[in-house]
Amino acid sequence: MMDAHCGTQPPGRLVPRIDRNRCEGKGDCVAVCPFGVFSLGTLEPAERRSLSLVGQLKGWAHGWQQAFTPRASACEACGHCVRACPERAITLMRADANNPRHAPTAADRR
């Protein structure tokens with residue numbers, strides 16, 4: 001079990017972003033996150049269309065299972081998820097709802 005006080009930032013300053021073309025839904029991030037930020041789920045058909053060809057093939061091969069961040073605002077940037085992800089699909093980014101590149105996607109708001 002990870003130390004729940006391992007975060008380096010106040011909750012929500014940095015949030016995890018998942019590269020949908022890389023994520024294979026293995027759940028390592030769910031297992032290591034001491035703040036309960038992640039969950040596993042199925043990528044919706046509408047969201048699948050935005051994937052690259054490689055992303056679509058990976059998604060299909062893994063049953064469209066991916067990690068999601070419904071509790072991104074609880075993230076304290078400990079980085080355990082980044083280190084645990086075997087596909088290197090997770091990065092920590094500054095939370096900025098005014099910048100579309102940093103804003104959470106519809107899939108992550110589940």
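**View 1. Lys26, a partly exposed lysine in a predicted model.** We start with Lys26, which is partly exposed, with a relative accessible area of 47%. The whole structure shown here is a predicted model, so please read every view with that in mind. Salt bridges with shared partners join Lys26 with Glu24, Lys58 and Glu87 into one network. The next views take these residues in turn.

**View 2. Lys26 meets Glu87.** Here the side chains of Glu87 and Lys26 form a salt bridge, with 2.9 Å from N to O. Lys26 sits in the loop between S1 and H1, while Glu87 belongs to the loop between helix H4 (80-84) and strand S4 (90-94), so the pair ties together parts that are 61 residues apart in sequence. Is Glu87 buried or exposed? Glu87 counts as buried, at 10% relative accessibility.

**View 3. Glu24 and its surroundings.** Look now at Glu24, in the loop between strand S1 (14-18) and H1. With a relative accessibility of 14%, Glu24 counts as buried. Which residues does Glu24 touch, leaving aside those up to four places away in sequence? They are Lys58, His62, Gln65 and Glu87. The side chain of Glu24 also makes a polar contact of 3.2 Å with the side chain of Lys26. Another polar contact, of 3.3 Å, links the side chains of Glu24 and His62.

**View 4. Lys58 reaches Glu24.** In this close-up, Lys58 and Glu24 form a salt bridge whose closest N and O atoms are 3.3 Å apart. Lys58 is part of helix H3 (residues 53-61) and Glu24 is in the loop between S1 and H1, so this pair ties together parts that are 34 residues apart in sequence. Lys58 counts as partly exposed, at 22% relative accessibility, whereas Glu24 counts as buried at 14%.

**View 5. Arg22 pairs with Asp19.** How many salt bridges does the count come to? The count is 4, and the one in this view joins Arg22 to Asp19, with the closest N and O atoms 3.7 Å apart. Arg22 is partly exposed, having a relative accessible area of 34%. Asp19 is partly exposed too, with 31%.

**View 6. Ile90 and the largest nonpolar core.** This view turns to the largest nonpolar core, which has 15 residues. Which residues have the most contacts inside this core? They are Ile18, Cys29, Val37, Phe38, Ala67 and Ile90. Setting aside residues up to four places away in sequence, Ile90 touches Pro16, Arg17, Ile18, Cys29, Phe38, Cys81, Val82 and Cys85.

View 7. How many disulfides does the structure hold? There are 0. Cys29 is in no disulfide, and the nearest cysteine sulfur, that of Cys23, is 6.5 Å away. Cys29 counts as buried, with a relative accessibility of 7%. For Cys75, the closest cysteine sulfur is in Cys81, 6.1 Å away, which is too far for a bond. Cys75 is buried as well, with a relative accessible area of 6%.

View 8. Phe35 is found in the loop between helix H1 (28-32) and strand S2 (39-42). Is Phe35 buried or exposed? Phe35 is buried, with a relative accessible area of 12%. Along the sequence, Phe35 and Ala74 are 39 residues apart, yet in space their C-alpha atoms are 6.3 Å apart.

**View 9. Stepping back to the chain.** To finish, here is the setting for the close-ups. The chain has 4 helices and 4 strands, and from the N terminus on its elements run β-α-β-α-α-β-α-β. What share of the 110 residues counts as buried? The share is 40%. Among contacts with a separation of 6 or more, 80% are between residues 24 or more positions apart. The chain exposes about 6300 Å², and carbon and sulfur atoms supply 54% of that area.

Terms used:
Residues numbered from 1 in each chain as written. Predicted model: local features only at pLDDT ≥ 70, side-chain atom pairs only at ≥ 80, totals over all residues. Heavy atoms only, no water. Helix = DSSP H or I, 4+ residues; strand = E, 2+ residues; numbered from the N terminus. Buried < 20%, exposed > 50% of the residue type's maximum accessible area, 1.4 Å probe, protein only. Polar contact = N/O pair within 3.5 Å; in protein donor to acceptor, adjacent residues only side chain to side chain. Contact = heavy atoms within 4.5 Å. Areas by Shrake-Rupley, 256 points an atom, 1.4 Å probe, with all protein chains shown as cover. Core = buried A, V, L, I, M, F, W, Y, C linked by side-chain atoms within 4.5 Å. Disulfide = S-S within 2.5 Å.
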